[in-house]
Amino acid sequence: MDSFAKRFKIDCSPLGRESHTIVRKNTRFTIITPCLLRVEHQSKGKFCDEPTQSVWFRDFDEPAFEIVDSDDTVEIKTTKANFLYSLKSQKMIRIKLRDGREVKDYTSGNLKGTCRTLDITAGIITLGDGVCSRNGVALLDDSETLVIKQDGSILPRENKEKDIYYFAYGNNYIGATTDLYKLTGKVPLIPRYALSNWWSRYKAYTQEEYLTLMDKFKEEQVPITVASVDMDWHWVDIRSKFGKDSHKMSMHKNFMEFVYDVWSTGWTGYSFNTDLFPDPEGFLKKLKDDKYHVTFNIHPSMGVRWFENQYEDMCKAMGQDPSKKEPVKFDITDKKFTENYFDILHHPFEKMGVDFWWIDWQQGTRTNTPGLDPLWALNHYHFLDNAKENHRPLILSRFCGAGSQRYPLGFSGDTTQTWKSLDFQPGFTATASNVAYPWWSHDIGGHCMGAKDDELYLRWVQLGIFSPIMRLHSTNNDFAGKEPWNYSGPVERIAKDALRLRHKLLPYIYTMNYRTHTQCRAICEPMYYAYPEDENAYNCRNEFFFGTELIVAPITEHTSEKTNLAGVNVWIPEGRYTDIFTGRIYKGNQFVKMYRDIEYIPVLAKEGAIIPMSENDTVNDCSNPETLELLVYRGNNTFTLYEDDGETLSYRDGEYLKTSFTVCEEGNRVSFRITKAEGVETVVPERRSFVVKFKDITDADVSIKVNGREVKGTVSKCGKTLQVTVNARAAATIEITLDNCAYLKNIDKKTDLTRTISKFQMSTDYKGMVFTGFLRDGKELPKVDKDFEGPITEILKLYRD
């Protein structure tokens, strides 16, 4: 095995089980699960048993099945579905599900997946299909993908064939997507630092400007953990710096090609712009010393040109004469080039402090290998290369088809700064789970175009806090920066608090990261995953689960000038839900249009929700916290916190710790138990302060035990929250019992209405005339403007029996 094969070897199991593979004429069937059937047709009966760009595993189940043959058809019967296939027409005639449905159209009803990019889009765009469908059956067509050879190369299939996977999961969307992950490859565990706040901007910073900005974030106590440096870290203005011969332009078919060629001369680069960064090593050392993780932006399409510091080394490695000053062409299909691409062009920067690469490929879909998209190859090789020396790999790049979840994170491109773009993103992010793509990173705040709008920025930040990745980004316009202090006073304060909340949420988000890695569940999922039989779950596109404990409904419309409130229609499933910000308690099984001022968006905790958080919300330290805050809502539930070192691959060897928290409610008694942690205790501090905040209990008789012995602890009341603090070994067993609980209730209807109506922007005298009788006597709501009616109706719904 040569060095390339060793370096880019993949862990796969592409051969279907022989016992579950049948061949009829020139068609092969592989029964992968009771709901998942692979059908291949090849004119010479030569089929593909190699891993493809999408599919790496075909032997993860052993379902029972039977075959019914006829002259022209094959019927495969499993415990979940009957698949009837025509050998003559080479088509699936119908699939009969166990719920009685017969499906003949395999494209209608698809709940969609995602797309390559949102570059320069403003609102709804067409998405590709996913594996979840209202009609119960969806397809994954793998016919056009290339195969991955044992030597690491990516080549066309030796024999062209039709290669289709039928997902017949009915309404079991979680089952469909879980098996898609198993088929195409699970999601790697994301480094912990990537789950807090990122700073990113397309701007030609000087070294001093960038470091000063990072210091400013520290001074403002806004924790940033990832420092992104866009393309201006390298030479960009090539012609003025190195002369007109530095870039040889090709013949152009039209004026736009000419403009693109001229503009793109500086896209590719591997040498620090020393006019901007006079001390590159010092720059990166300062960032690393200040606990920032660093990514650099690259556009590798133009290869290596004569003015690059690495040019002579690349020429020598590739067998070119450097005196000719001919570019070393970018060719990701060339093994020699690919190895040198990493060894000479990237690894030296990684040794200096670059943690991972932002692959900003926008230069077409062709390579020297027919059918191979350079974006896919870059994602594949970059991610594998980044996993060396026990380093947990990461990239930031655009989506490139089924299986892309193996190469997190996703960069959704340069979105426009508009309300339509904001409104599209929540549903877009959750829907991507239908094609097993859980880690989209958006330009929070919008990248370009649009107009300055403080409220738009704030609503986008509020969405970002509850998005897979929170990455602020903008274009190079001097007035486009997304720093919170570039906005009005109230917006600056709220945005800072939101960014601090994101950092506090690291223990919760990191545990959801582990859930994604091990259980194949995205952190943002559509509501219909949990409620596939409820039509309401399909009519709340922008509402989503954020992990196991929360439902988020972003506000994506302007605040009314008449009320200073903006609304979002929220579907509340069966049960009791409490807004984590306002404390309002909602009964489930209804739609409620919820109104909020600019301070918050609706974020609902389920009954029994347990949300672990870090006390640290001001410093960019990502380590497992000494003080662990636990937001607890009454009910019955268990949450298991996952912790490891956050950065290495040592978790694969069992170096992690799991701590289970359980809340039980019985009458007026609530008990909360922290079970002795299991695993390697050294990944967390030896002792911890557990601050348990019972968010919907205002008072109780409290008793505390640590490892079976009664202790005092600290009990306090913080507003409407009962708080219990216990200091103990991190791996201790802690039992907190609350007797005679006083449970949080919504404030009385009249007070709530009065507070809300008081905010309405209208004549106080007229307000009194219209609303006084309504508040005093509980009469029917007078006929008022819809802007006023909505917030009042929300409150009235709270008090219905």
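**Charged and aromatic contacts**

The structure holds 59 salt bridges, each a side-chain nitrogen of Lys or Arg within 4 Å of a carboxyl oxygen of Asp or Glu. It also holds 59 aromatic pairs. This is a predicted model: local features need pLDDT of at least 70, side-chain atom pairs count only at pLDDT 80 or more, and totals for chains, interfaces and linings use all residues. Residues are numbered from 1 along each chain as its sequence is written, and side-chain values use heavy atoms, leaving out hydrogens and water.

**Salt bridges**

- Lys286 forms a salt bridge with Asp215, with 3.3 Å between the closest N and O atoms. Lys286 lies in helix H6 (residues 280-289) and Asp215 in helix H3 (residues 207-219), so the pair ties together parts 71 residues apart in sequence. Helices (H or I, at least four residues) and strands (E, at least two) are DSSP runs, numbered from the N terminus.
- Lys286 is partly exposed at 29% relative accessibility. Asp215 is partly exposed, also with a relative accessible area of 29%. Buried means under 20% relative accessible area, exposed over 50%, and partly exposed in between (1.4 Å probe, protein chains only).
- Glu629 forms a salt bridge with Lys504, the closest N and O atoms lying 3.2 Å apart. Glu629 is in strand E30 (residues 627-632) and Lys504 in helix H13 (residues 489-504), so this pair ties together parts 125 residues apart in sequence.
- Glu629 is buried at 9% relative accessibility. Lys504 is buried at 12%.
- Glu665 forms a salt bridge with Arg576, at 4.0 Å between the closest N and O atoms. Salt bridges with shared partners join Arg28, Arg38, Glu40, Asp49, Asp142, Arg157, Glu161 and Asp163 into one network.

**Aromatic contacts**

- Rings of Phe, Tyr and Trp (its six-membered ring) pair if their centres lie within 6.5 Å; planes under 30 degrees apart count as stacked, over 60 as edge-to-face and the rest as tilted.
- The structure's 59 aromatic pairs include Phe8 and Tyr381, edge-to-face at 4.8 Å centre to centre, with 65° between the planes.
- Phe8 is buried, with a relative accessible area of 1%. Tyr381 is buried, at 3%.
- Tyr205, Tyr210, Trp233, Phe272, Phe277, Phe283, Phe296, Phe349 and Trp357 form one aromatic cluster.

**Charges over rings**

- The charged end of Arg406 sits over the ring of Trp56, 3.8 Å from its centre. Here, CZ of Arg or NZ of Lys must be within 6 Å of the ring centre and within 35 degrees of the ring normal.
- The charged end of Lys452 sits over the ring of Tyr487, 3.7 Å from its centre.
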